[in-house]
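Here's a quick briefing to read with the structure open beside you. Have a look first, then go through the points by topic.

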Amino acid sequence: MENKTDLEQIEKSSRVKDIAGKTVTYILLAIWAIIVLFPFYWMILTSIKSYSSYNNEYIPKFYASNPTMQNYIDAFKTVSLGKYLVNTAVFTVATTAIMLVVTVLAAYAFARLQFKGKNIVFVCFLALMMIPNELVIITNFVTITNLDLRNSFPGLILPSIASVFYIYLLKENFEAIPDTLYYAAKVDGTSDFKYLIKVMIPIARPTIVTIVILKVIECWNSYVWPRLITDDSNYFLVSNGIQEIRENGFGRENIPAMMAAVVVISLPLIILFLVFRRTVMSGVSRGGTKG
Amino acid sequence: MEVTGRNNFKAWLYLLPALLFLGVFMVYPLVDVFIYSFEEGYNSASQSFFGTGIYNYSYVLHDPYFLQALKNTFILVIITVPLSTGIALLISLGLNSIKKLKELFQTIYFLPYVTNTLAVGLVFMILFKKTAYSDGMVNVLINAFGGESVDFIDGPYWAKMMVLCIYTIWIVMPFKVLILTSALASVNPVYYSAAKVDGTSKFRIFYRITLPMISPMIFYLIITGFIGAFKAYSDAVALFGTDLNVAEMNTIVGYVYDMLYGDSGGYPSYASAAAIILFAIVLTITVINLMVSNRTKK
């Protein structure tokens, strides 16, 4: 009998320990969640405070007593936030679309077609993956300047297209598609191109979606190349736009309006992420590099 | 399958766009950057130079701005890589031990990944900035605990470096948490059950089972973390503006771009030399990392 009580006591104490451990875990996780969310809360909060009330708060308040949308109107009217957004959208769509065509064609050649020197070319491709952008950007800057493509969309887009890693990712995926499908299609007289469009692309759709999402995130946030190649604010993307707004935006330091611009810039990607949460997270764990 | 001439031609046609883009914007620049770095006195207006040699490297290595950038980058790397990896490991262990709210936490933790570095950097700037009309949110907190207000954006060097480190960690955390959480989830539960039967303590389980199982992923994160931190630039711009030399907060990558373009720009040769020095540093550190990770495996 005594043994049993001992056992019960041990079980009970370990349960108490478990609950205590869980509570500590949840508290720590919640603290990190607050650290992550706080800047988002702060930018939304500041963006709905009026200019005068923001500047009158020596100790910032955690709520807005008179919420206003005026800052959002200012962000679009006083500075060209709308133009920056349109530019970024054009840049993102064009870059991603061209990248996708180039990537699909190259991945198909590596995965399915036979040609002399295939292995050598592929090894060269892999070697290129290790080349950091910082090393090639200098010559690209000179090339684009010499071609007179500064402050133009081709100048922004062309050097941003090539992505060896995505070709590699898609090639692996294409190769997983059984050969028998290909031979069956060949027997039926299907051309290579038609096979690619009708069979390979639909099967590899999840990988293609991943690549598209990763590229969209990359384009939307790109800063260095657009900064080097554009100094005419008509061609600014959002990253440069927000920097421009910060440095000589509203004629005075209008932080609430600046925060409104920050909210508008951040929103598209956050919505994209919340909609495609699983795809984005699995895509980044397969091919993300930021960090 | 037989390789015929026609097939050969068609394959190259499929490859052509990729070869074209990579050739013009990656392979050629790669060769060119080395040539630039050895051309002395290159003038971008007349596209002429008057000699070849290692002067560009020696200029860069003696430039106080470069040395400042080098120092900043190294401090940033040494502080943020271990800290962010460690915190990410703790968070992932926590995430893996719970069921309720796990997805919610994971979603929240991932948010910084999809934000624009420049835009959200401004939020950090106003949180830390001390101005005439307000000390800023962080200083209010510091005051509440009895500390003195500090100007984190225009103030002393250590304060600016601290903000840069905090923002960098905030930005890189999502990737690390994501990778470590999935690595932890893939450890076979049989090991844990066996250890539990043996009555192994939690710390011992972590040290003897979990850590060895996920160590390849930790090394992967440390390597990518080093590479990423050495290339830090846009986070610094977001906090301190484009004139990083004046703010004493420039990074190596920032130095390269400043040499290339902007008020102090027009020197592609110096930029090339600095970029190659950066590449050499990153390569060395990566090789060391790989050697260490291979040794621990044995």
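This is a predicted model: local features need pLDDT of at least 70, side-chain atom pairs count only at pLDDT 80 or more; totals for chains, interfaces and linings use all residues.

Residues are numbered from 1 along each chain as its sequence is written, while chains are lettered from A and ligands numbered from 1 in the order in which they are written.

**Chain B overall**

- Chain B has 12 helices and two strands, where helices (H or I, at least four residues) and strands (E, at least two) are DSSP runs numbered from the N terminus.
- Along the sequence, the order in chain B reads α-β-β-α-α-α-α-α-α-α-α-α-α-α.
- Chain B is more spread out than a compact globule, because its radius of gyration is 24 Å, well over the 19 Å that the globule rule gives for 298 residues. That radius is taken over C-alpha atoms, and the rule is 2.2 Å times the number of residues to the power 0.38.
- Some 42% of the 298 residues of chain B count as buried. Buried is 20 or more other C-beta atoms within 10 Å of a residue's own, exposed is 12 or fewer, and partly exposed is in between, with C-beta atoms placed from the backbone.
- Of the contacts in chain B with a separation of 6 or more, 67% are between residues 24 or more positions apart; a contact means C-beta atoms, placed from the backbone, within 7 Å.

**Helices in chain B**

- Helix α5 (residues 117-128) of chain B packs on helix α7 (residues 157-185) of chain B at about 135°, with the axes 11 Å apart. Axes are lines fitted to C-alpha atoms, for helices over the stretch in contact, and angles run from 0 to 180 degrees between N-to-C directions.
- That makes α5(B) oblique to α7(B), oblique being whatever is left after under 35 degrees (roughly parallel), over 145 (roughly antiparallel) and 65 to 115 (roughly perpendicular).
- From α5(B), the contact uses T117(B), G121(B), F124(B) and F128(B), and from α7(B) it uses V163(B), Y167(B) and I171(B).
- Helix α8 (residues 189-197) of chain B lies largely in the open, because the number buried among its nine residues is zero.
- After α8(B) comes G199(B), with a positive phi near 70°.

**Where the chains meet**

- The contact takes 76 residues from chain B and 73 residues from chain A.
- Helix α1 (residues 5-38) of chain B gives the largest share of chain B's side, 19 residues.

**Two buried residues in chain A**

- A109(A) lies in helix α4 (residues 81-112) of chain A and counts as buried, with 28 C-beta neighbours inside 10 Å.
- Leaving aside neighbours within four places in sequence, A109(A) is in contact with A11(B), Y14(B) and L15(B).
- Y84(A) is also found in helix α4 of chain A, and its 25 C-beta neighbours inside 10 Å make it buried.
- With the neighbours within four places in sequence left out, Y84(A) is in contact with F236(A), L237(A), V238(A) and G241(A).
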